[in-house]
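Subject: Structure for your set

Hello,

Here is the structure I said I would pass on.

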Amino acid sequence: MVHTGFEDAVRRTLCTAGPYAALGAAALLLLNPIDANEAPELVIADGPLKRCVLPHCKALREPYRPTPWAANKHANTLLGPLRALAIPGRYSRQLIITLDGGTIGLDWWMGCDHHSYSPPDMPVLLVIHGINGGSHEGYVKWACAAAASKGWRAVAMCNRGCNGVPLTAPRGYSATNTHDLHRVIQSIKGRFPSAPIFAAGYSMGGISLTKYLAEADSGLFDVAHTSSTPALSTTRAPSFSGSGLVAA
């Protein structure tokens, strides 16, 4: 089972300095209100793309209204690491060796990598973390838990050198290195060939996923795509041709 010292360290800190941290957080909320009545400033050249997209982005044209209990940058900074503690859960780690000798981690949520967890054709959600992140991040854990609540399998990709994954090759990871993502999807497809695979990327993970989809659509990658779940077969499937994914 995968478990890092991050959560233990945060819990020890909260136990010893919890009351002081609570007072400090309250002070930051009261003394540093955010300007919530201004619309976001958009820096984009005028042109057909702006005229086509902007009318459909209502949130970009209205005043920003933050969550009342996280109304400024300080509160958001404090709440960031705490969300990882708000949900319990454990992973089982699978290590994948790439052609250049690199190592990637696949962290399966709550034992869902076992075939007895759910039918073999249940969907799999692949979550790709942001820069220097990993499966321990709160946004990853909550995404995995949301998928599990529907009976799906959920797995987090941990890049080379992230969250305890060893560095075993000279090359590290980057947003443009989509070969590792391709290898991960191949591995998932190999373990659950009849399961449709969905993917969600956060920050840098989203950039990598977008690049991978474009490259797969142009024929650079080719992962056999099969799904025995008719309800998940949509007209959008051809745009993900070769990626091995149903949607992302």
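Predicted model: local features only at pLDDT ≥ 70, side-chain atom pairs only at ≥ 80, totals over all residues.

Sheet. Five strands make up an open sheet with mixed pairing, and their order across it is β1-β2-β4-β3-β5. The edge positions are taken by β1 (91-97) and β5 (197-201); each has a single partner strand, so one side of each has no neighbour in the sheet. From one strand to the next, the twist averages 25 degrees. Within the sheet, β2 (residues 103-109) and β4 (residues 153-158) are paired antiparallel, with four bridges between them. W108 has V155 in β4 as its bridge partner.

Helices. α5 (residues 179-191) packs on the sheet and touches β1, β2, β3 (124-128), β4 and β5. The direction of α5 is at about 45 degrees to that of β2. A further helix, α6 (residues 204-217), lies across β3 and β5 and runs at about 130 degrees to β5.

Pocket. Which residues line the second largest pocket? The lining consists of Y64, P66, T67, W69, A70, N76, L79, G80, L82 and R83. By class, six of the lining residues are nonpolar, three are polar and one is charged. The volume of this second largest pocket comes to about 190 Å³.

Regards

Note on methods. Residues numbered from 1 in each chain as written. Heavy atoms only, no water. 1 Å grid on protein atoms, 1.4 Å probe; cavity = no way out; pocket = protein on both sides within 12 Å on 5 of 7 lines; lining within 4 Å. Points joined across faces, edges and corners; volume = space filled by probe spheres on them. Nonpolar A, V, L, I, M, F, W, Y, C, P; charged D, E, K, R; others polar. Pairing = 2+ DSSP bridges. Helix = DSSP H or I, 4+ residues; strand = E, 2+ residues; numbered from the N terminus. Axes fitted to C-alpha atoms, helices over the stretch in contact; angles between N-to-C directions. Contact = heavy atoms within 4.5 Å.
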